[in-house]
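Biologist: I would like to learn how to read the features of a structure. Could you take me through them one by one?

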Amino acid sequence: MFFERPESGEVAVLVHLDLSDEEDREDPREFEELALSAGADPVALVGGARHRPSPQYFIGAGKVEEIAEQVRLHEAELVLFNHALSPGQERNLERVLKCRVLDRTGLILDIFAQRARTYEGKLQVELAQLEHMSTRLIRGWTHLERQKGGIGLRGPGETQLETDRRLLRARIKSIHRRLEKVRRQRDQGRRARRRSETPTLSLVGYTNAGKSTLFNALTTSDVYAANQLFATLDPTLRRIELADVGPAVLADTVGFIRHLPHKLVEAFRATLQETIEATLLLHVIDAASEERDLNIGEVHAVLDEIGADQVPMLEVYNKIDLIEGALPRIDRDADGKPVRVWLSAQQGLGLDLLFEAASELLGQDIVHRWLTLEPREGAFRAQLYALGAVLAERVADDGQLELEVRTRKRDFLQALSRAGIRPERYLEPAH
């Protein structure tokens, strides 16, 4: 980062307004969680209501005085707004409050910067930070005067601000090039999985819904999981085994949040590609959350924005241990297809049901039937045994050999091909 803010106390005053437009409303409790996740020490919450934001300060002049009083009282060095501020509003507020002012987007970017662990994750966060910072750059140089004329100083030149903007643009281009290289490497991995027809299950959901805890429970991994927002940033892939399906890849991805900054969605597009190209999305939902329905809506909005709204989805209602009387179960639609699984990743309840539902949804191309083999089809019988596809074998009254077979359609077709048998002989509708 070029322009790190000076490290100072993290004592913070929080500001939250209830706006008349439902679309712009934020959750004050979630805001406090964001502040705590960033490492702030919230000492006061200044609330209020406005019909529409003020162009100069976002809030009214009276509210500015109230915040200034809280800053003086608590000796706070940071004021956090639960809203998106324009660069001008941030500068005006900092001038009056005499301390740093950060809006919701800047706060989320800061959390992301703390959580990124991989090379790719750090690049993505830096890109989002630099693009956010480019509109706020002047603030860092208010102590410098504009370049003046004078003897020996006239002629072409650039101000410190212009120099920084040029450096910033160069750094952003450099990061884009590096991320493009990472994307190509990821694409190679995805293409290899597609060639081997290995299905990918991608965990998506609102932040802190329990995705990483579920990921660890399903894969016996030790991915960092904590009761805080954005505990996971970098995508993690693990191999799992599903009945009737075989090997599959499970991906843990970044959590979504209400009004996720667009710059972050853009910056994390390489990471979110695992979601876009997944075979099945496992939408992890905090079943005990009071904001459950709103959070579900936000996840669908982000999936729509990144182009993953058409990927098949299974809802996973997690944390049922926090709901009195709730038991693990699978909910099915009118056709009997699984649409929802209720479980507790923390307690390990219902994980077998999730495996069962995912296997059902991914294993729809399963061949399960009795076959009557002709005497000359011994090679085909050997192929089926090699696949582990034979469940039972018997001799019919007329002396013909009958096999009960259950395997993936792809493997069944390959066995037929190797044995030189036409597919239509055995792929008639099951009786």
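Modeller: Here is a short tour of charge patches, an aromatic pair and some backbone angles. This is a predicted model, in which local features need pLDDT of at least 70, side-chain atom pairs count only at pLDDT 80 or more, and totals for chains, interfaces and linings use all residues. Residues are numbered from 1 along each chain as its sequence is written, and side-chain values use heavy atoms, with hydrogens and water left out.

Biologist: Which residues form the positive surface patch?

Modeller: First the idea: patches are made of residues with over 30% relative accessible area and no salt bridge, with like charges joined within 9 Å and nonpolar side chains (Val, Leu, Ile, Met, Phe, Trp, Tyr) within 5 Å. A salt bridge is a side-chain nitrogen of Lys or Arg within 4 Å of a carboxyl oxygen of Asp or Glu. Here, Arg165, Arg169, Lys173, Arg177 and Arg178 make up the positive patch. Arg178 lies in helix H6 (residues 160–195); helices (H or I, at least four residues) and strands (E, at least two) are DSSP runs, numbered from the N terminus.

Biologist: And which residues gather in the patch of negative charge?

Modeller: That surface patch brings together Glu10, Glu75, Glu77 and Asp110. Glu77 sits in the loop between helix H2 (61–74) and strand E3 (78–81).

Biologist: Is Glu77 buried, exposed or partly exposed?

Modeller: Buried means under 20% relative accessible area, exposed over 50%, and partly exposed in between (1.4 Å probe, protein chains only). With a relative accessible area of 39%, Glu77 is partly exposed, and Arg178, at 34%, counts as partly exposed.

Biologist: How many aromatic pairs are found in the whole structure?

Modeller: Rings of Phe, Tyr and Trp (its six-membered ring) pair if their centres lie within 6.5 Å; planes under 30 degrees apart count as stacked, over 60 as edge-to-face and the rest as tilted. The search finds three pairs. One of them joins Phe58 and Phe81 edge-to-face, at 6.5 Å centre to centre and 85° between the planes. This pair links distant parts of the chain, 23 residues apart: Phe58 is in the loop between strand E2 (41–50) and H2, and Phe81 is in strand E3. Phe58 is buried at 6% relative accessible area, and Phe81 is buried at 1%.

Biologist: What is the phi of Lys98?

Modeller: Lys98 is not a glycine, yet its phi is positive, about 60°. Lys98 lies in the loop between helix H3 (87–97) and strand E4 (100–102) and is exposed, at 69% relative accessible area.

Biologist: Where is Lys319 found?

Modeller: Lys319 is in the loop between strand E9 (313–318) and strand E10 (329–332). Its phi is also positive, near 65°, but Lys319 is buried, with a relative accessible area of 19%.

Notes
Areas by Shrake-Rupley, 256 points an atom, 1.4 Å probe, with all protein chains shown as cover. Lys, Arg positive; Asp, Glu negative; His and termini not counted. Charge placed at Lys NZ, Arg CZ, Asp CG, Glu CD.
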